[in-house]
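This report describes the interface between two chains of a protein complex. The sequence and structure are shown first, and the analysis follows.

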Amino acid sequence: MDISFTLNGRETAVDVPPATLLVELLRERLGLTGTHVGCDTSQCGACVVHVDGRSVKSCTMLAVSADGCAVTTVEGLSPDGRTLHPMQQAFRDCHGLQCGFCTPGMMMSATDFAASHPAPTEAEVRHWLEGNICRCTGYQNIVKSVIAGAAAMHQGTEA
Amino acid sequence: MAEVVGIGAAPRRKEDFRFVTGRGNYVADIVRPGMAFGAFLRSVHAHAEIGAVDTAAAAAMPGVRAVFTGADMAADGVGGLPVGWGIVGRDGLPMKEPPHPALAVGKVRYVGDAVAFVVADTLEAARAAAEAIVVDYRPLPAVVDMAAALTPGSPLVFDDVPGNLCCDWELGDAIAVDKAFAKAAHVARLKLVNNRLIGNPMEPRAAIGEYNAGTGQYTLWTTSQFPHVVRLLMGEFVLHIPQHRLRVVAPDVGGGFGVKQFHYAEEAVVTWAAGKLACPVKWVCERSEGFISDAHGRDHVTEAALALDAEGRFLGMKVETLANMGGYLSTFGPNIPTNLYAPLLSGVYTTPAIHCSVKVVFTNTVPVDAYRGAGRPEATFVVERLVDVAAIEMGIDKAEIRRRNMIPAEAYPYQTPVLVEYDSGNPRACLDRVVELADVAGFPARREASAKAGKYRGLGFSTYVEACGLAPSRLAGQLGARGGLYESATVRVHPTGQVTVLIGTHNHGQGHETTFAQIVSDKLGVPFDQVDIVFGDTDKVQFGMGTYGSRSLVVGGAALSKASDKVILKARKIAAHLLEAAEQDVVFENGKASVAGTDRAKTFAEIAGAAYVPHNYPLETLEPGLEEQAYYDPVNFTYPGGAHVAEVEIDPETGVVTLAAYTAVDDVGTVINPMIVEGQIHGGIIQGVGQALFEHGVYDPDSGQLLSGSFMDYCMPRADDLPKMTTTTQSTQCAHTPMGVKGCGECGTIGSPAAVINAVVDALAPLGVKHVDMPASPGRIWHLMRNAGLAQAAE
Ligand code: FES
Ligand code: FES
């Protein structure tokens, strides 16, 4: 099936078999390997991307459903790939990652959350991240990163 | 950072930029020209004879390039997977070591045992063809429980291993222990289970094999913690490829925790298949496939007893353990519940007599091997649970009984009755500190507040010591290691003064690229951003034993430190020539070599330049170039230790245990990067909490099916299950490593299960509960509380 969508700000048109998952399209066809696959039961969140600004598990969505949507992956988080998005910077500053495998999904999930939560509590962050598994960090520094990242995303925007 | 960043600083990690921008390079991300895709057909039976395997229909499916079976590999002379340690039983006989073919031959021995491998143009085609293979299984009765496996008449996993007993092993002085028990005023006894765990690093395993028919060179990309060891084991024993024709690359690896420190069948199969088909072959494990093919961890059943005098002093300890090996011996399997377990039963205590016997048992389950902590969490759990049982039974305060029996700081070095000599430590200081930090004094008030809210609250201690920094090769050899356990590092100084380090350890989350760069920056005075660390490629790095057992900084860091010292030595010689001074008058510090007492100096970059452009250079006595290599073999294990306190709250309505607080004080020796150490401890604690509260690899006793085979059934710790931890270090210096480091990767996992379970038992003590097996899941707690309530009502 022919579909077209905006991928990290660029118009993209592809012909995909209808059963292709969004994550397969991104990783295998389009070479965007920043989005990871950590499970086969929609549990781990390593595959989270944004579709029209909302975080979505790309292993759970068919590629064809992205037709006409705006998709952002971790590669699109920093507009130029050099200056980090505030959430990326926060993960780096707060040691919010170790092996880095869960990190793209964590950050994509966190940026969606932080967009509407400029000053989240620790409990709110922990609750939101329930669908993202990290085996390395024990989550403590991820929570810290998300709180710092949320604050940085909203810096200068308060009335 | 364009400046020197030394030991004790916490720079942002070098590796993070690629990870946060999605530019990590994991095996699953790699695409090779002309690559084909592989899928395994795995046994659905726990135990069955393999009759005919009909691959014709599968081989004829579109896009299928080949279907391979165990018979094909055997016919090609492929060997079995080797075991890296051989243990010897109490009868003086070596362990039973049955063959472990990469693809099953004759029988399948667990659900997940690989039977055939399909290579096709696409993954879909490979998977579809794997399903089209017809295997004539003749199912046999299976045994998954260790006690049952040892019972006469049990099904035999291997026909020539009677009683399924791989080895009956022991350590310690049984006679001394009997004497201690004979004079005891009190004996505390406990039967406990150390639950089977599935390590589940977030990146599933993956492997790509490639063969270059032009050069005869094989390459394997694999999710491994030790590429050089995979090259050695697979090349020499399995595929018979000479070492110089085999390259193994472990690029970015998404967590290991031990799961990726074995040589796996899949690595050999993809490499062999790539050679047969002359095309790269890629296999990526699915999570559900990983549950039944990644080596599992723990799985002990133990009976233990502690003899005490009337004052609560420990006189002797007796431990009998059954340890599950699963359906084959994995790379380090037999070493974990023996050499890495029994020597830690002394803990931080002065127990004078200890005896431990371990029956190492085959069952129809996934092979069991090291998982973060590997033997040491199991030992700590036995010791610290026993100590609590004794304290409760004797009416002694739980911190006090520990203090009374602790090795005093001045008694180090301390020889235990179970083989090891602790070089350094101060367990009392750790315990006192954690008591203060966890506000143990305020606990009664918190318990009362919980009670008012209808909840049970408990507090649990655990202390621990571990043996890590694996390992002194000679001692390891005496204990059965079949390889060395040193580490190597090369410090390559470029003509312009920047430095590339080639090191044999493997970074898969531990922050080596940062920590090791700090060591070099500190020693050579080179700016931190001018040092890069290369690892994980046997064609780049000289040799290495890899990363496991909290060894990277201890052994690898020591090699790096030694190699840096050699660079300094040569730099001083070069500088002496350039400065026309005597070598002994030249001092090297802060990145400069200067003549003592003068302002005449050469920078490190100037010296490097002279070494590579040797126009003015002592060529008669010194080789050009500035690159040094060191191998380091430690003289002893290192012994990190610490004291942890867990506080839990239990909801009697649901049985849910909430970890309310966790406090850890760890002695890890010198801290190079406190941010990274803290992260390691956090992650370790939560893996231990996972074992204590959530995680459980469960087999159906009749069918031998793994019942907890996905993230829906196997409960991984998640962010909302956990509190904010308080962690700190309270270190003594290691007496024998160059920088005084001890290692920190496993501390948390070793200390936490006992602390959490001691807290759970403490919470339920008013109901008469004396022990809770792991995981303390809601269902288990709810039943325990209900039964305890019924029992109390009946009294
Ligand atoms: S890959 Fe695990 S949730 Fe998508
Ligand atoms: S950083 Fe490794 S899984 Fe989260």
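In this predicted model, 44 residues of chain A are in contact with 52 residues of chain B, contact meaning heavy atoms within 4.5 Å. Between them the two chains bury about 4100 Å², 54% of it on carbon and sulfur atoms; buried area is the accessible area (1.4 Å probe) that two parts lose on being put together, summed over both. On the chain A side, A:Arg92, A:Arg135 and A:Gln140 lose the most area to chain B, together 21% of what that side buries.

| Interface of chain A and chain B | Value |
|---|---|
| Salt bridges | three |
| Residue pairs in polar contact (both at pLDDT 80 or more) | 27 residue pairs |

A salt bridge places a side-chain nitrogen of Lys or Arg within 4 Å of a carboxyl oxygen of Asp or Glu. A polar contact is a pair of N or O atoms within 3.5 Å; within protein, one must be able to donate a hydrogen and the other to accept it, and residues adjacent in sequence count only if both atoms are side-chain atoms. A:Arg135 forms a salt bridge with B:Glu695 (2.7 Å, N to O).

A:Arg92 lies in helix 2 of chain A, helices being DSSP runs (H or I, at least four residues) numbered from the N terminus.

Residues are numbered from 1 along each chain as its sequence is written, and chains are lettered from A in the order in which they are written. Local features need pLDDT of at least 70, side-chain atom pairs count only at pLDDT 80 or more, and totals for chains, interfaces and linings use all residues, while side-chain values use heavy atoms, leaving out hydrogens and water.

Methods:
Helix = DSSP H or I, 4+ residues; strand = E, 2+ residues; numbered from the N terminus.
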